[in-house]
Amino acid sequence: RIEGAAVGRVASVEFHRMGQTNRLGKYPLHFHLMGTNGFDSYATDNSVHESYYRCIVAHGTTGLTISRNVAFDAIGMCIYMESGIE
């Protein structure tokens, strides 16, 4: 979980068998309430497979770049905007 005033730069990472089914906030890659710090953050060239709950989630984060990621065999939606205002 990357949150608050942090900048998250995640590239070329394999996420395998991560997340917790139906547990809010328990995702393989979660950008949480970062506000405008999302403009300096990204998730690129990653793979998520056999995820127990979603794949890449943005919540309260503006300007985040999510590109060239691959997801397979995940429970729930893979790329998810949690609050719906991003």
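Is Arg54 buried or exposed? At 9% relative accessibility, Arg54 counts as buried. Buried here means under 20% relative accessible area, exposed means over 50%, and partly exposed lies in between (1.4 Å probe, protein chains only). The model is predicted: local features need pLDDT of at least 70, side-chain atom pairs count only at pLDDT 80 or more, and totals for chains, interfaces and linings use all residues. Residues are numbered from 1 along each chain as its sequence is written, and side-chain values use heavy atoms, with hydrogens and water left out.

Arg54 lies in the loop between strand 6 and strand 7 (56–61). Strands are DSSP runs of E with at least two residues, numbered from the N terminus. Arg54 has a positive phi of about 60 degrees, although it is not a glycine. Asn22 is not a glycine either, and its phi is also positive, at about 60 degrees. Asn22 sits in the loop between strand 3 and strand 4 (29–35). At 62% relative accessibility, Asn22 counts as exposed.

Two open sheets were examined. Strands of a sheet pair through backbone hydrogen bonds, either parallel or antiparallel. Two strands count as paired if DSSP finds at least two bridges between them. Strand 6 (residues 47–49) is joined to strand 9 by three bridges, and the two run parallel. His49 has Phe72 of strand 9 as its bridge partner.

The other open sheet has four strands in the order 1-4-7-10, again with parallel pairing. Strand 1 (2–3) and strand 10 (79–81) stand at its edges. Each has a single partner strand, so one side of each is left without a neighbour in the sheet. Three bridges link strand 7 to strand 10, which run parallel. Val57 stands opposite Tyr80 in strand 10.

The largest nonpolar core has twelve residues, among them Ile2, Phe15, Phe31, Val48, Ile56 and Leu64. Such a core is a set of buried Ala, Val, Leu, Ile, Met, Phe, Trp, Tyr and Cys residues joined through side-chain atoms within 4.5 Å. Strand 4 and strand 7 each supply at least two residues of this core. The largest share, three residues, comes from strand 4. Contacts of Ile56 were also listed, a contact being heavy atoms within 4.5 Å. Leaving aside neighbours within four places in sequence, Ile56 is in contact with Leu29, Phe31, Ile66, Asn69, Cys78, Ile79 and Tyr80.

Glu82 is in the segment after strand 10. At 17% relative accessibility, Glu82 counts as buried. Leaving aside neighbours within four places in sequence, its contacts include Leu24, Gly25, Tyr27, Val57 and His59. The side chains of Glu82 and Tyr27 are joined by a polar contact of 2.5 Å. A polar contact is a pair of N or O atoms within 3.5 Å; within protein, one must be able to donate a hydrogen and the other to accept it, and residues adjacent in sequence count only if both atoms are side-chain atoms. The C-alpha atoms of Glu82 and Asp40 are separated by 20 Å, with the two residues 42 residues apart along the chain.
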